[in-house]
Amino acid sequence: MTTVDDVSRPGRVAGPDEAISAEELQLAARNHGIPLEALRYDVTPAGLHYLLIHYDIPDVDDGAYTLTVSGAVERPVRLDLAALRARPRVTHQVTLECAGNGRALLHPRPVSQPWLVEAVGNAEWTGTPLAPLLRDAGLSADAVDVVFTGTDHGVERGVEQDYQRALPVADALRAEVLLAYEMNGAPLLPQHGAPLRLIVPGWYGMAHVKWLRDIRVTTAPFEGYQNAVAYRLRADADDPGVPVTRIEPRALVRPPGFPDFMSRTRVVRAGRCTVDGRAWSGHGPVTSVEVTFDGGDTWVAACLDEPTGGGWAWRRWSVDWAATPGRHVLGARATDASGRTQPVEQPWNRGGFANNLVQRVTVVVPAD
């Protein structure tokens, strides 16, 4: 008899010099990152924003859609889209980053979605705050977690499931957490969670449940797969690990000049030019960015633009560079108000999560 175990294998780490597999390539074709030249936009156009879709994009009928709030509440709630849109409306600009961003650059490589550094985007999300809805439902005094269930369904590491993630009650009640039905002023696109998704500013993307259909309050910690098994920082397969939560500080360079088609190596004309990019963190505002033009031997301070999107959006940085003939390796590292900064050596873990290793951008300046 065939079971889900026959099609879903345990997680693993790639062997020495093991190439990207056809399965990983298939994932990479479905889940695209932002083209790094799009770092020029304060707000990422919807089609350029990164995507990570665990299973299939579900077929949801907006006309028949309802969101339920149940569990450890005094007054269970059922709302259609019209009722959700009638509730108080707010817009937040929020940077989202996949927890696995940078995974494919690790050695050894955890086998999964092979992100380089492009799994990020910054959008304007419009919807209604979650906290007032939970308070309207009447949270039980012994409520512990709030579980969010999406319509997407699949099997992962042998576990058949709807995609589910939970937040501790205190995090779910943060004023900035949203039930979003618009992205950049337009209704959510199917791939971005239409008709309703969760937005949890400051947390990695796994918390921002798409195609949201149910909210359930529990009086015990949620032990579902995506909380208890996936998205944990583990040293090895036997390590229970700690949960992935807030985004670690990161700065990305908007690649200067123009690229070689295959290698993406950049070509920059000799002379003065401006190098810029974006920086963000889920632990606090970015307070400084340093830039290297020699692979990390020396660093210079960049200028930070004034924030344009509030406390949860990325921030532009820039620095002047006198480009001289030769080959150069550029990079940037961010520091946030909590004192966290990016490492120059890889912070390895078995899942490849929260890897904010400094980016390397190879630039060739011709001698002509």
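Tutor: This is a predicted model. Start with Ala 354, which is buried at a relative accessible area of 13%.

Student: What counts as buried?

Tutor: Buried means under 20% relative accessible area, so Ala 354 with its 13% falls in that class.

Student: And what is the phi of Ala 354?

Tutor: About 55°, a positive value, although Ala 354 is not a glycine. Most residues other than glycine have a negative phi.

Student: Where is Ala 354 found?

Tutor: In the loop between strand S21 (326-336) and strand S22 (361-365).

Student: OK, Tyr 231 next. What's its phi?

Tutor: Phi of Tyr 231 is near 50°, which is positive, and Tyr 231 is a residue other than glycine. Tyr 231 sits in the loop between helix H5 (225-228) and strand S11 (232-233).

Student: Is Tyr 231 buried or exposed?

Tutor: Tyr 231 counts as buried because its relative accessibility is 7%.

Student: Changing topic: what kind of peptide bond joins His 107 and Pro 108?

Tutor: A cis one, with omega at about -5°. Most peptide bonds are trans.

Student: Where does Pro 108 lie?

Tutor: Pro 108 is in the loop that runs between strand S3 (90-97) and strand S4 (120-129).

Student: What about the bond that joins Ala 194 and Pro 195?

Tutor: That peptide bond is cis, and its omega is about 10°. Pro 195 belongs to the loop between strand S8 (186-187) and strand S9 (197-199).

Technical notes. Residues numbered from 1 in each chain as written. Predicted model: local features only at pLDDT ≥ 70, side-chain atom pairs only at ≥ 80, totals over all residues. Heavy atoms only, no water. Helix = DSSP H or I, 4+ residues; strand = E, 2+ residues; numbered from the N terminus. Buried < 20%, exposed > 50% of the residue type's maximum accessible area, 1.4 Å probe, protein only.
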